[in-house]
Amino acid sequence: MEPLDERAIRASFVNCSKGDASRIRMPAGFADGAVPWDDLDFLGWTDPGAPQRALLVVPGEPDPTGLVLRRPGAVRSSAMRSSMCRICLTDHAASGVALFVAPLAGPAGRRGNSVGEYLCADLACSLYLRGRRQPRMRLVRREETLSLAERIDRAMTNLAAFTNRVLAG
Ligand SMILES: [Zn+2]
C-alpha cells in the first residue's frame, strides 16, 4: 500500500470521535520509518498506549478507511485447536486468532452497537499471505492453489465486507 502520514491516518477513522482519533498512538516504529508499507495491503496495529485497542486502516479512493477495534478479554480456548483468520484465511493455533469488535459508525455505534470478526491476533494478514511471518504451532496446512495476488484480492474483499458492515451503521 502507499505510505500514509499521521494526519491521513487520524482523519481516516470512521467509528470513533475526533477526540478519540487524536489520542490513538501510531504503530511502533512509525516515526522511524519502520512500517513495511511495500508488504502491506492494509495497516493494522495494537495501540501501544492501550493494548485492548486495535486499529485498521484500509486503503481506498479517495481516502483510506480506518476502524477502531476492541480486543475483548482473553477467551479460554485450547491451544491445540486451530483457528482461521476470516480475512486472510491463515490457519493459526487458537491463540493466533482473536475476535475483534468494531463499534458501528454513526449513531448506532454511539448507542453501543458493534460487529465482530476473527482476525490474525497481530493484524499482520499481509505478512502471513506473503510468507514473511509464519503462524506459530500451525497444525493444519491447507494447500492453496490460488496465486498470491488472488489470495490478496480475496483478503481485501473479505476486509471490505467487514468495513462495509461497520460503515452501514
Ligand atoms: Zn489474517
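A nonpolar core, as I use the term, is a set of buried Ala, Val, Leu, Ile, Met, Phe, Trp, Tyr and Cys residues joined through side-chain atoms within 4.5 Å. Buried means under 20% relative accessible area, with a 1.4 Å probe and protein chains only.

Now the model. It is predicted: local features need pLDDT of at least 70, side-chain atom pairs count only at pLDDT 80 or more, and totals for chains, interfaces and linings use all residues. Residues are numbered from 1 along each chain as its sequence is written, and side-chain values use heavy atoms, with hydrogens and water left out.

The largest nonpolar core has 46 residues. Those with the most contacts inside it include Ile9, Trp37 and Leu43. Among the elements giving two or more residues are helix 1 (6-12), strand 1 and helix 5 (148-168). Helices (H or I, at least four residues) and strands (E, at least two) are DSSP runs, numbered from the N terminus.

Take tryptophan 37. Which residues does tryptophan 37 touch? Leaving out residues up to four places away in sequence, they are Met1, Glu2, Pro3, Leu4, Ile9, Phe30 and Leu43. Contact here is heavy atoms within 4.5 Å.

On to leucine 43. Its bridge partner in strand 2 is valine 57. Strands 1 and 2 run antiparallel, joined by 4 bridges; two strands pair if DSSP finds at least two bridges between them. A hairpin links strand 1 to strand 2 through 6 residues.

Last, aspartate 39. It sits in the loop between helix 2 (18-23) and strand 1 (43-46). Aspartate 39 is buried, at 17% relative accessible area.

Conventions
Buried means under 20% relative accessible area, exposed over 50%, partly exposed in between (1.4 Å probe, protein chains only).
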